[in-house]
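Visitor: I have a structure open and have not looked at it before. Can you walk me through it?

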Amino acid sequence: MLRTGDEPLHARSPLRLRLGLALWGLAWAVAGTVAFANVGRPGWATACAVIAAVAFFDVGCVLRRLRQGPHYQPGRDVPPYEPVRGGATGARHGNGGSGWRYRRRAR
């Protein structure tokens, strides 16, 4: 994929989606912990409790990021890196019509 230098202007973080999925997973993990504990399966209840703890930690991280608000993004005149020049050949080059070959690094 060719980079144009304006990716920070269009980048969007799916934090609200991640929050919803983490809450959904937290709810199911807590329900699984309670259900397996009632049935008498301590191993599965422990596994669900660990998943619930991870989901709870993820909810906390996402809420912290949401409270931080938007971060600085450079303007159109300040690219975050040197734009690609000379086409989209990347690390490969044409080999006389016989296909593509990767360049080897000089050692």
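Predicted model: local features only at pLDDT ≥ 70, side-chain atom pairs only at ≥ 80, totals over all residues.

Visitor: What pattern does the chain follow along the sequence?

Guide: Read that way, the pattern of the protein chain is α-α-α-β-β.

Visitor: What is the mean pLDDT of the chain?

Guide: The mean is 77, and 54% of the residues of the protein chain reach 70 or more.

Visitor: Where is confidence lowest, and where highest?

Guide: Strand E1, residues 92-94, has the lowest confidence, with a mean of 48, while H2 has the highest, at 96. For residues 90-100 the pLDDT is below 50, and that stretch has 13 contacts in the model beyond near neighbours in sequence.

Visitor: OK, on to the helices. What length should H3 span?

Guide: Helix H3 covers residues 42-68, which is 27 residues, and at 1.5 Å a residue it should span 39 Å. Its end C-alpha atoms are 39 Å apart in the model, so the two values agree.

Visitor: And what comes just after H3?

Guide: Gly69, which takes a positive phi of about 80 degrees.

Visitor: Which residues of H3 are buried?

Guide: Those are Ala45, Cys48, Ala52, Ala55, Asp58, Val59 and Val62.

Visitor: What do they pack against?

Guide: The buried residues of H3 pack against helix H2, which is residues 15-39.

Visitor: What does Asp58 touch?

Guide: Leaving out residues up to four places away in sequence, Asp58 touches Arg18 and Ala22. With Arg18 the contact includes a salt bridge between the side chains, 2.5 Å from N to O. Arg18 lies in helix H2 and Asp58 in helix H3, so this pair ties together parts that are 40 residues apart in sequence.

Visitor: Why would two such side chains pair?

Guide: As a general point, side chains of opposite charge can pair when their charged atoms come close.

Visitor: How many salt bridges does the count come to?

Guide: The count comes to 1 salt bridge.

Visitor: Change of topic. Which residues make up the largest nonpolar core?

Guide: It has 5 residues: Leu15, Leu19, Ala22, Val59 and Val62. H2 and H3 each supply at least two residues of this core, and H2 gives the most, with 3 residues.

Visitor: What does Leu15 touch?

Guide: Not counting residues up to four places away in sequence, Leu15 touches Val62, Arg65 and Leu66. Val62 is also one of the core residues.

Visitor: Back to the whole chain. How much of it counts as buried?

Guide: The protein chain has 107 residues, and 16% of them count as buried. Its accessible surface comes to about 9,300 Å², with 61% of that belonging to carbon and sulfur atoms.

Visitor: And what share of the contacts is between residues 24 or more positions apart?

Guide: Such residues account for 57% of the contacts in the protein chain with a separation of 6 or more.

Terms used: Residues numbered from 1 in each chain as written. Heavy atoms only, no water. Helix = DSSP H or I, 4+ residues; strand = E, 2+ residues; numbered from the N terminus. Expected span 1.5 Å × (residues − 1). Buried < 20%, exposed > 50% of the residue type's maximum accessible area, 1.4 Å probe, protein only. Contact = heavy atoms within 4.5 Å. Salt bridge = Lys/Arg side-chain N within 4 Å of Asp/Glu carboxyl O. pLDDT = per-residue confidence, 0-100. Areas by Shrake-Rupley, 256 points an atom, 1.4 Å probe, with all protein chains shown as cover. Core = buried A, V, L, I, M, F, W, Y, C linked by side-chain atoms within 4.5 Å.
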